[in-house]
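Hi everyone, thanks for coming.

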Amino acid sequence: MSDVNVSDFNLAELTRMDQDEVARQMSICNACRYCEGLCAVFPAMELRRAFDGTDVDYLSNLCHNCGACYDACQYAPPHEFGINVPQAMADLRENSYPRYVWPAAFSGLFTRNAFWIGLAAVTFVAAFIAGVIGWHTAGAMFATHTGNGAFYRLIPHGILVAIFGTLLGYAILAMALSVRRFWRATHGGEPLAAGSIRQAIHDTATLRYLHGGGPGCTGVSGRPSDHRRWCHHATAYGFVLCLASTSLATVCHYLGYEAPYPVWHPVVILGVLGGIGLIAGPIGLLTGRPASARGKSRPADIGLVFIVMLLATSASGLAVLILRATPLMGLALTLHLGIVAALFVSLPYGKFVHGLHRVAALVRHAHEQRAAARG
């Protein structure tokens, strides 16, 4: 579908076309089975004789787009079969996100992802700046604030908790309902064993299927390497460290120890390490995007938008740390808070949901493989 203008079709038509194309390719792959040891897709494929819509949705979210099967395939273009599993899976995977989104009326946010998330970021940043100036005076924004509670002299802690608690609570609810829809559509309904969940968590935490069958993912150089896998690790664990820093800061606040904290404090150490991960990882992902994903037919690259948001979040957070004892702290803080608010709001309507759907697909895969092993 790389030569198809997707603006000529609605989501239902795109879904049918992409599902039919993945089913066609999987039928050919199921007869060949040359790539069966490369990733989770092919063992899951071999348990099926036919591929309906929910099956291919599930398989597309198992695919990690490593490109190994494309490099190994004897039926890849220019062969008349035109087998390009990474591309077909990526196309279907990206149109599966708006189909399972909650609420369904917000599915269009995936189509113009850059516009809506950019608009949200500008709106939140402007709102925080206007709020600080309106609450205090214009001079307070550029005053030097130091000592315990310096940040909260600009924006009270209770207001921050109310704003970000609401935004994050909504994002969690929306993502949970989205994953629930995906799970109900793609899971057979059989009860799950704890071992299947443990296996899926292990496969997710280790990024097992970004090995590309052993040598790694095919990057922009056209050669396999572990570059993309390690960049994913840096991004994911950087995100976790930043979340841990924020959570610890919340605990410290309610124990009577208010931000900003000294550089040796665990809150700062966790935040700096997480910020570095969220800069190094996304930059690596931008510079090492897999060759099989180039020339995609979708009008908006939601992965690129999400990477940029992560970079903006981490860079603005580190700027607050560097500028916190200067007259620029207020501007850096409001900029960071606005970007984080936009990130929270965008989580259910951007690339972040691919991780949640992938975990759900890996849980089903582990369940199916355990069941097949039992005979």
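Let's begin with a definition: the expected span of a helix is 1.5 Å times one less than its number of residues. Helices here are DSSP runs of H or I with at least four residues, strands are runs of E with at least two, and both are numbered from the N terminus. Before we use that, some housekeeping. This is a predicted model, where local features need pLDDT of at least 70, side-chain atom pairs count only at pLDDT 80 or more, and totals for chains, interfaces and linings use all residues. Residues are numbered from 1 along each chain as its sequence is written, and side-chain values use heavy atoms, with hydrogens and water left out.

Okay, helix H13, residues 329–346. Its 18 residues reach 26 Å from first C-alpha to last, close to the expected 26 Å. H13 is also mostly covered, with 15 of its 18 residues buried. Buried means under 20% relative accessible area, exposed is over 50%, and partly exposed is in between, using a 1.4 Å probe and protein chains only.

Now helix H10, residues 227–254. Here 28 residues reach 41 Å, close to the 40 Å expected. Among its buried residues are Arg228, Cys231 and Gly238. What do the buried residues of H10 pack against? They pack against helices H8, H9, H11 and H12, plus strand S1; contact means heavy atoms within 4.5 Å. After H10 comes Gly256, with a positive phi near 95 degrees.

Next, a crossing. The axes of H5 (85–100) and H14 (352–374) come within 11 Å and cross at roughly 90 degrees. Axes are lines fitted to C-alpha atoms, for helices over the stretch in contact, and angles run from 0 to 180 degrees between N-to-C directions. Under 35 degrees counts as roughly parallel, over 145 as roughly antiparallel, 65 to 115 as roughly perpendicular, and the rest as oblique. So H5 and H14 are roughly perpendicular to each other. On the H5 side, Arg93, Tyr97 and Tyr100 make the contact, and H14 brings Val353, His354, His357 and Arg358.

Asn84 is buried at 17% relative accessible area, and touches Gln25 and Tyr70, leaving out residues up to four places away in sequence.

Last, cysteines. Cys39 is buried at 14%, and Cys66 is buried at 8%.
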